[in-house]
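Please walk through this protein model with me, from its overall fold to its pockets and its backbone details.

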Amino acid sequence: MASVKGEESSSKLKLYSYWRSSCSYRVRIALNLKGISYDYVPVNLVQGQQFTPEFLQLNPIGYVPVLVDGDIVISDSFAILLYLEDKYPERPLLPSDLQKRAISIQAANIVSSSIQPLQNLAVLKYIGEKVSPDERVPWVQFHIQKGFTALEKLLTDHAGRYAVGDEVSLADAFIEPQIHAAIKRFNVDMTKFPLLSRLHEAYNELPAFQNAMPEVQPDTPSSASQ
């Protein structure tokens, strides 16, 4: 179990995570932005550790991430981020402006509802077995591009340096992991998405995002290919 420190101390949380999970990536970004220290508990999805009796007690559906805060156990990245927002409001992820807040939540939902679930391991495994292994990447690319097209349109009139202005918000914590997966795992042509590409460059300048990247997690394999 690895310990990851934020910018300021807090009661130690436990984050059950997998290095390449974009849902876990969102939570790592949020924890870093809020300066919260936590213990990193790796769950190897490829080896099926998410289906062990011990893990299923934490999350019966067998997904990461899971956040443990004392006696409180929360799974689902959206629920975790809202919990963190309520418990640690000093560094908000939701804008005070109601329109910006709504757009930020809408953008996060596009990623969490309309893109990421269609690229997770269980779905890709099913497509590979029931359709063809060769159809997995085209399937993912189609749904990523559909979602990215929607995000480009949604954010055109709202983006500043980041997704909904000049302050990092909830939307950014969802968008960057999805862009990272699109580029690193699924070879999506980002030239079609200039706004998202610009945001990606801005995120890469922030330590909170840099330290949450899959490539630098305690359970990242040396080949970064597992």
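The model is predicted, so local features need pLDDT of at least 70 and side-chain atom pairs count only at pLDDT 80 or more, whereas totals for chains, interfaces and linings use all residues. Residues are numbered from 1 along each chain as its sequence is written, and side-chain values use heavy atoms, with hydrogens and water left out.

The protein chain has nine helices and five strands, where helices (H or I, at least four residues) and strands (E, at least two) are DSSP runs numbered from the N terminus. Read from the N terminus, the order of the elements is β-β-α-β-α-β-β-α-α-α-α-α-α-α. The radius of gyration is 17 Å, close to the 17 Å that the globule rule gives for 226 residues, so the chain is as compact as a globular protein of that length; the radius is taken over C-alpha atoms, and the rule is 2.2 Å times the number of residues to the power 0.38. Along the principal axes, the C-alpha atoms fill a box of roughly 50 × 45 × 30 Å.

Two packed helices are described by the angle between their axes and the distance between the axes. The axes of α6 (residues 136–155) and α8 (residues 194–203) come within 8 Å and cross at roughly 85°, the axes being lines fitted to C-alpha atoms over the stretch in contact, with angles from 0 to 180 degrees between N-to-C directions. The two helices α6 and α8 are therefore roughly perpendicular to each other, a term that covers 65 to 115 degrees. In this contact (heavy atoms within 4.5 Å), Phe148, Leu151, Glu152 and Leu155 of α6 meet Pro194, Leu195, Leu196 and Leu199 of α8. These residues divide into seven nonpolar, no polar and one charged, with Ala, Val, Leu, Ile, Met, Phe, Trp, Tyr, Cys and Pro counted as nonpolar, Asp, Glu, Lys and Arg as charged, and the others, Gly among them, as polar.

The largest pocket has a volume of about 720 Å³. A pocket here is an open set of points on a 1 Å grid over the protein atoms alone, where a 1.4 Å probe fits, with protein on both sides within 12 Å along at least five of seven lines, and lining residues have an atom within 4 Å of a point; the volume is the space filled by probe spheres set on the points. Of its 29 lining residues, Leu45, Tyr63, Gln116, Asn120 and Leu121 are the closest to the centre. The second largest pocket has a volume of about 240 Å³.

Finally, the peptide bond from Val64 to Pro65 is cis, with omega near 5°, and Pro65 lies in the loop between α2 (53–58) and β4 (66–69).

Conventions
Parallel < 35°, antiparallel > 145°, perpendicular 65-115°, else oblique.
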